Amino acid sequence: MAQLTPGGTLMQIARALVIATSFALLGGCASEVVRIAEPLQAVSEAERKWIEITEDAQIVFASGYGRTLPAGSLWEHRGNVRQGAAYRRIKGVFTIEGAHVHEAYIVISNDQLVGFYLPVEQAYSPAQPVSLKLRPRENR
Amino acid sequence: MKTIYKVAVALLVLLTAACASGPKFNTVESGLSPLPGGKARIYFYRSTALGVGIQPEIYLNGAVVGKAVAHGVFFVDQNPGNMEVSTASEVEKKLTFGIGAGETRYVKCAVGLGVLVYRIIPELVDEAEARKEIAELAYTGPGNGLPGK
């Protein structure tokens with residue numbers, strides 16, 4: 001028989017509700033992804049080199065959401081912004097998330113992920129730098 | 001005991017009524033219209049019955065293209081370009097992505113816990129994962145993706 005008394009089941013339910021509501025509120029109120037208008041200097045199709053990430057890399061966005069860049073994932077050089085080279089995920093998708101979700105390229109400089117390029121918004125979004133283990137790959 | 005039985009039956013009826021009806025996608029896929037030249041195809045699907053009572057409309061670049069019906073899948077063919085997907089859910093969470101001519105992309109209507117009710121969150125999903133998930137779903141679009149049209 002459930003104890004509907006403080007300290008019993010009622011308290012446990014109340015605690016669970018508070019936690020669930022907190023998570024829901026957090027999810028509903030995440031901050032917008034920071035965006036800086038930035039043109040992409042696109043590279044031609046013939047110049048698009050591929051790279052492979054060889055070790056998992058964890059990314060946490062300012063919004064609190066995160067993503068894993070998985071080992072074995074392939075990325076194609078699509079262009080350059082002032083902050084580095086922009087790579088689009090091949091055979092997969094990559095998005096960043098805040099209040100909304102945006103398809104994104106990763107921006108790499110000196111083997112470090114330094115931010116993201118949002119092709120729809122044509123904007124750069126900075127990130128806490130994360131070291132990446134990379135190697136070049138043959139296209140296709 | 002009778003009350004529990006009645007509630008269970010009512011819930012089952014509700015769940016059945018709220019889930020998508022139609023042939024399984026993998027049984028009709030071969031008969032679907034091929035992607036017209038110069039167009040791009042976007043699939044929308046919802047693979048879970050969680051929050052089955054919530055079936056918001058799906059907007060693509062501001063126009064309604066269908067509903068996020070539990071266990072349903074449909075597609076739309078569009079001109080290539082930038083896409084913005086949103087749903088008329090408790091909390092609006094937009095998804096933006098680009099698509100090129102001849103490309104196919106997959107948008108999953110994921111279900112998240114909202115403040116008061118479940119909410120539908122559009123997610124971009126890679127082809128391999130999406131193909132697995134939509135195979136057994138009910139196809140709800142006659143070709144252009146508008147259910148019932």
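Reply: Gladly, and please keep in mind that this is a predicted model. Burial is judged by counting neighbours, with 20 or more other C-beta atoms within 10 Å making a residue buried and 12 or fewer making it exposed. B:H71 has 21 C-beta neighbours inside 10 Å, so it counts as buried.

Me: Where in chain B does B:H71 lie, and what is its phi?

Reply: B:H71 sits in the loop that joins β3 (63-67) to β4 (72-78) of chain B, and its phi is positive, about 65°, although the residue is not a glycine.

Me: Is A:K91 buried or exposed?

Reply: Applying the neighbour count again, A:K91 has 11 C-beta neighbours inside 10 Å and therefore counts as exposed. A:K91 is found in the loop between β7 (84-90) and β8 (95-97) of chain A, and its phi, near 55°, is a positive value in a residue other than glycine.

Me: How many residues does each chain have, and what share of them is buried?

Reply: In chain A, 26% of the 140 residues count as buried, while in chain B buried residues make up 38% of the 149 residues.

Notes:
Residues are numbered from 1 along each chain as its sequence is written. Chains are lettered from A and ligands numbered from 1 in the order in which they are written. This is a predicted model: local features need pLDDT of at least 70, side-chain atom pairs count only at pLDDT 80 or more; totals for chains, interfaces and linings use all residues. Helices (H or I, at least four residues) and strands (E, at least two) are DSSP runs, numbered from the N terminus.
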